[in-house]
Amino acid sequence: MENTALEKLRYPIGKFIVPESYSSEYLTNKIAEIASFPERLKKEVIHLTEEQLETPYRKDGWTIRQVIHHCADSHLNCFIRIKWTLTEDNPTIKFYHEDRWAELHDNLTMPIQPTLSFLEGLHFRLAYLMNSLSESDLEKSFIHPEHNAAFQLKEIIATYAWHGNHHLAHITALKEKKGW
């Protein structure tokens, strides 16, 4: 029972599930989720107090502040990975230690407003770029050294739509639990 509860805290919307197909309609919906993420995030966090921002979403988890900054870190890496994939032949991307990045001074202490603004611009660019991808672009891939596996751009669209929703659910579940 305890493992199930922890799993629900860690993955409030469940783990990423690979779709049966990456139809045009599916990808359009995922790109729309990516485009809308900054506004949905801002709506949930803009009125939180400093004390609330310092609250971890689960025991031994990141604070809301760290989650917000992590989304910017992660999605910036996504943007760069897409650019590499479009301009190089099956590149091996750079792995980064997200857990270590989350513990850096900026992620622990920086106000959230600059990151929310950054996410607005970044997600506009992500969605704009993703919407421009041709069928052949969507098949292009990069190698992720952590997994020693290739990932196609169509998979990345789905994964990062899930990623934003996953972390947004950490925040909304905590807010609901705390009655904020």
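**Exercise 1.** What pattern does the protein chain follow, read along the sequence?

*Solution.* This is a predicted model, where local features need pLDDT of at least 70, side-chain atom pairs count only at pLDDT 80 or more, and totals for chains, interfaces and linings use all residues. Residues are numbered from 1 along each chain as its sequence is written, and side-chain values use heavy atoms, with hydrogens and water left out. Start with the inventory: 9 helices and 2 strands, taken as DSSP runs (H or I, at least four residues; E, at least two) numbered from the N terminus. Now put them in order: α-α-α-α-α-α-α-α-β-β-α.

**Exercise 2.** Work out how helices H2 and H4 run relative to each other, and what lies between them.

*Solution.* Take the axes, which are lines fitted to C-alpha atoms over the stretch in contact, with angles from 0 to 180 degrees between N-to-C directions. Those of H2 (residues 24-45) and H4 (residues 64-87) come within 12 Å and cross at roughly 170 degrees. So the two are roughly antiparallel (over 145 degrees). Next, look for contacts (heavy atoms within 4.5 Å): Phe-37, Leu-41 and Val-45 of H2 meet Ile-64, Ile-68, Cys-71 and His-75 of H4.

**Exercise 3.** Is His-163 buried or exposed?

*Solution.* First find His-163 in helix H9 (residues 153-178). Its relative accessible area is 11%, so His-163 is buried (under 20%, with a 1.4 Å probe and protein chains only).

How values were computed:
Parallel < 35°, antiparallel > 145°, perpendicular 65-115°, else oblique. Buried < 20%, exposed > 50% of the residue type's maximum accessible area, 1.4 Å probe, protein only.
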